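Reader: Hello! Could you take me through one part of this model, slowly and in plain words?

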Amino acid sequence: MTIPAADRTQATVRRRPARARISRRRALISILLGLLLWEFIGRFVLTNAILFAPFSKVIEVGWRMTVSGEIWRHLAVSASEFFLGFGLAVLLGIAVGVLMGRSRLARDYIDPWVSILYSSPLVALMPFYLLLFGVGLLSKVAIIFTVSIFPILLNTYTGIRSADRNLLEVARSFSCSPLQTFTKIEIPSALPFIITGIRLGLGRGLTGVVVGELFASRAGLGYVIATAGQSFDAATVLLGVLLFTLSGLLMMGLLAWIEAALAPWRTSLEQS
Amino acid sequence: MTGGLEMQGAVPKLILEDIAKGFLSASGEERSVLAGVSLEIQAGEFVCLVGASGSGKTTLIRILDGLLTPSSGRVLVDGKPVAAPGPDRGFVFQQDSLLPWRTVIDNVLFGLEVLKHDRGTSRATARALIELVGLKGHEKQYPHELSGGMRQRVNLARALAVDPDILLMDEPFAALDAQTREIMQRELLRIWGQRKKTVVFITHQIDEALYLADRVMVLGGRPAHVRATIEVPFERPRDLAIKMHPDFVARMREVWQLIQQDGVEA
């Protein structure tokens, strides 16, 4: 039995690849113009090497540090701090968010703390963490964890709570166990929220790396920025900022890829 | 009305015994929605329950599925009382009840997964049902890529997948446009002809009820009860054209008047 034409309407998904291509080209042109402007200002407007450096100079410094291997050492330190702190925030954020979403008791006791801590600038805790955990890895992991956990936790909680009532009723009608309802309905419902939380937490986590390392450190990208700043080396400062930006972009891209792999129905929804 | 009982000496497939249901209103007083609802449905019978909106139809079918517990009275399937949803009853929801993150085939597989049936045989079952409801070739599409009618086909296939004896349908075509609705009515009868299930179908469309059912029960009154039962004599298979037949129209008027009484009573 085939479906009559009247029942087929809106069944085909229309795409506009040409428009997307134009947008991408414009974005690329915009970036290139921005870099040209940077180069121009560095060469002809702010020529003082203490105040500013052209893009080409920053690349040159970056190349030198790459060849000497110095940059890898700092990147490795920052990356390990970040992945430990942020990884813990993702794990614990999701776990506590799920707990709050499912248990009224947990929600009532945890929620006031989340509200207070989410709205306060938690980077201010850095001096305290230095006293507590020292100058090394641990204080950075702690600050990154602290600043990035709350958006993940809150979004997970909201996601679990926002599971469609109709779908929960479907689960009941099919005699799902509580565990099946959780894995088959609540988690997939919450997934887009969780990924949004991780995306928000990612930005905060990177800020955590910078703040942590600027305060006190012996290595890391933030350390590179701090020491270059103290020796009036604008090119190296800008290199550090550029590398942070690139890592952020890279991880956002990775997250978008993970989202597409985990929730393909969302990507096809956006295209339609 | 229950002649089949003596004839076959069998227990009716589905019995409702004096069902009553009340809800607590916001002000704390109990509002009675259903009272004294009793009915018997034979195996393989197609019964439509009609009534004005707010007449407790949806409450009643939710009680049949076990999604709601009655304040008093019993639901018996094959003579045994039931209190919770079970695979002996399949529910077809109004709309938007497909899991948006699952493809057509994975939506149909849902109930089988919950029952932890063998994956290979489940997939074969799901494929056969998708073909039965006319969606062959759409297995890998997501619900948002389908039209309203196609989504309700998936909804039906999902309910049929666990092979329930009783199919409970809660205004499944209410959200569809008139043309699609008629196509779906015809399709439902075709599918029902191939999978002989006992069907309880809720609707507020009188023509839909008379076209589909062996018997139409009119719910009415406050609290609601079965006001009348109308035997539908039209021979099967039925063509959509019978909706224009004078006998059909006369019966529509009869049911319409039964439903209209509510306006007077309320």
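Is the crossing in which H7(A) passes H8(A) left-handed or right-handed?

Author: Happy to! The model is predicted, so local features need pLDDT of at least 70 and side-chain atom pairs count only at pLDDT 80 or more, while totals for chains, interfaces and linings use all residues. Residues are numbered from 1 along each chain as its sequence is written, and chains are lettered from A and ligands numbered from 1 in the order in which they are written.

H7(A) passes H8(A) in a right-handed crossing (the near helix is turned clockwise from the far one by less than a right angle). Helices here are DSSP runs of H or I with at least four residues, and strands are E runs of at least two, numbered from the N terminus. H7 covers residues 165-173 of chain A and H8 residues 178-215, and the two pack at about 150° with axes 10 Å apart. Axes are lines fitted to C-alpha atoms over the stretch in contact, and angles run from 0 to 180 degrees between N-to-C directions. H7(A) and H8(A) are therefore roughly antiparallel, a term for angles over 145 degrees.

On the H7(A) side, Leu167(A), Leu168(A) and Ala171(A) meet Thr181(A), Lys184(A) and Ile185(A) of H8(A); contact means C-beta atoms, placed from the backbone, within 7 Å. By class, this contact has four nonpolar, one polar and one charged residues.

Conventions: Angles under 35 degrees count as roughly parallel, over 145 as roughly antiparallel, 65 to 115 as roughly perpendicular and the rest as oblique. Two residues are in contact if their C-beta atoms, placed from the backbone, lie within 7 Å. Ala, Val, Leu, Ile, Met, Phe, Trp, Tyr, Cys and Pro count as nonpolar, Asp, Glu, Lys and Arg as charged, and the others, Gly among them, as polar.
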